Amino acid sequence: MTAQAPNIVWDPANKRWVDEKELPRAEPVKRTKVAIVGFAPHWVKTPFEDQDFEIWALNEFYDVAPTQLKQPREEGRLRWFELHVREGEYGGNPFGSRNKRTEHAAKLAALNCPVYMHQHWDDIPRSLPYPKDQIVEKYTRYFTNSVSWMIALAMEEGFREIHLYGVDMATTTEYGYERPSCEFFMGWARALGIRVITPEECDLGKAAFLYGFEADK
């Protein structure tokens, strides 16, 4: 076997030419802020271009902000979450419509970023299993929506700020039973000293009046 020729590069620290293998490997940047983005109108406030943030999107958000997603995708700051089953006819599941199932999988496959799912799928090359068992063991089973899973993973990975954009859960239908879980994990994060930040328009974690101290408006 022929030995591979060394790749000689300049070492600026020691001011000499060396084999590239001798240079210390740069540690990947560990950001401390994450922006979780959903579909409510205030998603537009997401700091897509701020280098201090990782951007975590979900489901079919690729159709909402394709231009804005280019920046974090190119710089390795983007992660994706698709936590629905791939087989299942029910509302709210991007895989739930036979007409869209193949299209949705193809668009996930085109994402150049990690895609958290139930498992790895060969037709979605960057897919990887969400660490469900580890998260449930530590954070209980109170997960009724994807955003709660995302907040829990952000806590587990040690992010110091969690920003929520485009996440309201303000309707009385599907989101009516999903919202409390999201607010539960927002409170857990704050109890750990993590800053949880929402835009002014966001409905999460807000009350119309202070019970006992203000009039019921």
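## Cysteines

C202 is buried, its relative accessible area being 1%. The model is a predicted one, and a search through the whole structure finds 0 disulfides. C202 is in no disulfide: the nearest cysteine sulfur belongs to C182 and is 7.9 Å away.

C113 is another buried cysteine, with a relative accessible area of 1%.

## Helix α4 and its ends

Helix α4 spans residues 146-156 and is mostly covered, with 10 of its 11 residues buried. The buried residues are S146, V147, S148, W149, M150, I151, A152, L153, A154 and M155.

At the N-terminal end, α4 is capped by N145, which places a side-chain oxygen 3.1 Å from the backbone nitrogen of V147. V147 itself is among the buried residues of the helix. Just after α4 comes G158, which has a positive phi of about 85°.

## S127 in strand β7

Strand β7 covers residues 127-129 and includes S127. The relative accessibility of S127 is 6%, so S127 counts as buried, the cut-off being under 20%.

A polar atom in the side chain of S127 lies 2.8 Å from the backbone nitrogen of W121. W121 is also one of the residues in contact with S127 once neighbours within four places in sequence are set aside; the others are V115, M117, Q119 and H120.

Notes
Residues numbered from 1 in each chain as written. Predicted model: local features only at pLDDT ≥ 70, side-chain atom pairs only at ≥ 80, totals over all residues. Heavy atoms only, no water. Buried < 20%, exposed > 50% of the residue type's maximum accessible area, 1.4 Å probe, protein only. Helix = DSSP H or I, 4+ residues; strand = E, 2+ residues; numbered from the N terminus. Polar contact = N/O pair within 3.5 Å; in protein donor to acceptor, adjacent residues only side chain to side chain. Disulfide = S-S within 2.5 Å. Contact = heavy atoms within 4.5 Å.
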